[in-house]
Amino acid sequence: MKVLLPKEGKLFVITAPSGTGKTTIIDIIRKKVEGIGYSVSHTTRPPRRGEVNGVHYCFVAREDFEKMIEAHEFVEWAIVYDHLYGTPVSSVESTLSSGRDLLLDLDIQGAQEIKKQFPEATLIFILPPSLKILHERLKRRSAQDDTNIALRMEKAVEEIRKCRDYDFLIINDDLKKAAREVEAIIVAQRALTERRFPLVQEIFHV
Ligand code: ADP
Ligand code: 5GP
């Protein structure tokens, strides 16, 4: 049977204060949800334990990142905690034009920029159950020193203040429940009439 894909895929942007559990949730979604791609960002920050080059990030030297900026190879890029992060144009273009959806893991600056360029993008913000629990999760991940954790806690409060600009808010208390909610958003957005009607037209000639 011919599989009908929508003409254009949809962008899903996920933002969360560092340590909330965003990477963990994205890993679950990437395994579980069919037909969704993941844009592997470029970054100048060093890999954390367990992170794989080309899977979680493309880890590049600052010099190479700067060359890519000059060559307009990023849809958006930002400085986060003194490191550069960027979304390559190539992954966004190729995925969307093939009709596949694409998941982007971005900070608030990146999410705003994507919304400007792609107003139909769905923005999802993930929150920790409390600041105390966020602090515990950051400590457990323990890839950073205490000063860094303090900085991330400060930034978390600033970011949470802006969560109202997002389309959906997910609280990551129970991990499975949070991942199920993100999945439900993706599934529901795919069934929106404005998105699905072109397929219905093609099948039923209405
Ligand atoms: P982020 O990508 O948002 O910075 P991570 O996915 O690296 O965060 O998660 C930070 C830490 O919190 C990890 O040790 C992860 O295993 C843990 N974690 C994530 N979600 C939950 C949850 N719902 N309950 C308890 N621990 C969690
Ligand atoms: P981390 O170093 O903890 O993986 O990510 C730090 C922050 O950078 C997170 O808020 C993450 O969402 C954000 N980030 C990751 N990739 C990109 C990107 O390509 N662009 C932007 N703007 N932010 C990114």
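In the predicted model, a nitrogen atom of ligand 1 lies 2.9 Å from a polar backbone atom of aspartate 173, a polar contact being a pair of N or O atoms within 3.5 Å (within protein, one must be able to donate a hydrogen and the other to accept it, and residues adjacent in sequence count only if both atoms are side-chain atoms). Of the area that ligand 1 exposes when taken alone, 570 Å², the protein buries 78%; accessible areas come from the Shrake-Rupley method with a 1.4 Å probe, and for residues only the protein chains shown count as cover. The elements giving two or more residues to the shell around ligand 1 are α1 (22-32) and α5 (131-141), where helices (H or I, at least four residues) and strands (E, at least two) are DSSP runs numbered from the N terminus.

Ligand 1 is surrounded by 14 residues, with Gly19, Lys22, Thr23, Thr24 and Arg141 the closest; a residue is near a molecule if one of its heavy atoms lies within 4 Å of it. The side chain of threonine 23 places an N or O atom 2.4 Å from an oxygen atom of ligand 1, and that of asparagine 172 places one 2.8 Å from a nitrogen atom of ligand 1. By class, the shell around ligand 1 holds two nonpolar, seven polar and five charged residues (Ala, Val, Leu, Ile, Met, Phe, Trp, Tyr, Cys and Pro count as nonpolar, Asp, Glu, Lys and Arg as charged, and the others, Gly among them, as polar).

Around ligand 2 there are 17 residues, of which Ser41, Arg45, Tyr57, Tyr85 and Asp105 come nearest. A nitrogen atom of ligand 2 is 2.7 Å from an N or O atom in the side chain of glutamate 76. Two or more residues of the shell around ligand 2 come from each of β5 (74-80) and β6 (83-88). This shell comprises five nonpolar, five polar and seven charged residues.

The largest pocket takes in the space of ligand 1 and that of ligand 2. Its volume is about 980 Å³. The lining comprises 42 residues, with Gly19, Lys22, Thr23, Arg48 and Arg141 nearest the centre of the pocket. Two or more lining residues come from each of α1, β5, β6, α5 and α6 (146-161), and α1 gives the most, with six residues. Twelve nonpolar, 13 polar and 17 charged residues make up the lining.

A pocket is an open set of points, on a 1 Å grid over the protein atoms alone, where a 1.4 Å probe fits, with protein on both sides within 12 Å along at least five of seven lines; lining residues have an atom within 4 Å of a point. A molecule sits in a pocket if more than half of its atoms lie within 2 Å of its grid points. Grid points are joined across faces, edges and corners, and a volume is the space filled by probe spheres set on the points.

Residues are numbered from 1 along each chain as its sequence is written, while chains are lettered from A and ligands numbered from 1 in the order in which they are written. Local features need pLDDT of at least 70 and side-chain atom pairs count only at pLDDT 80 or more, whereas totals for chains, interfaces and linings use all residues; side-chain values use heavy atoms, with hydrogens and water left out.
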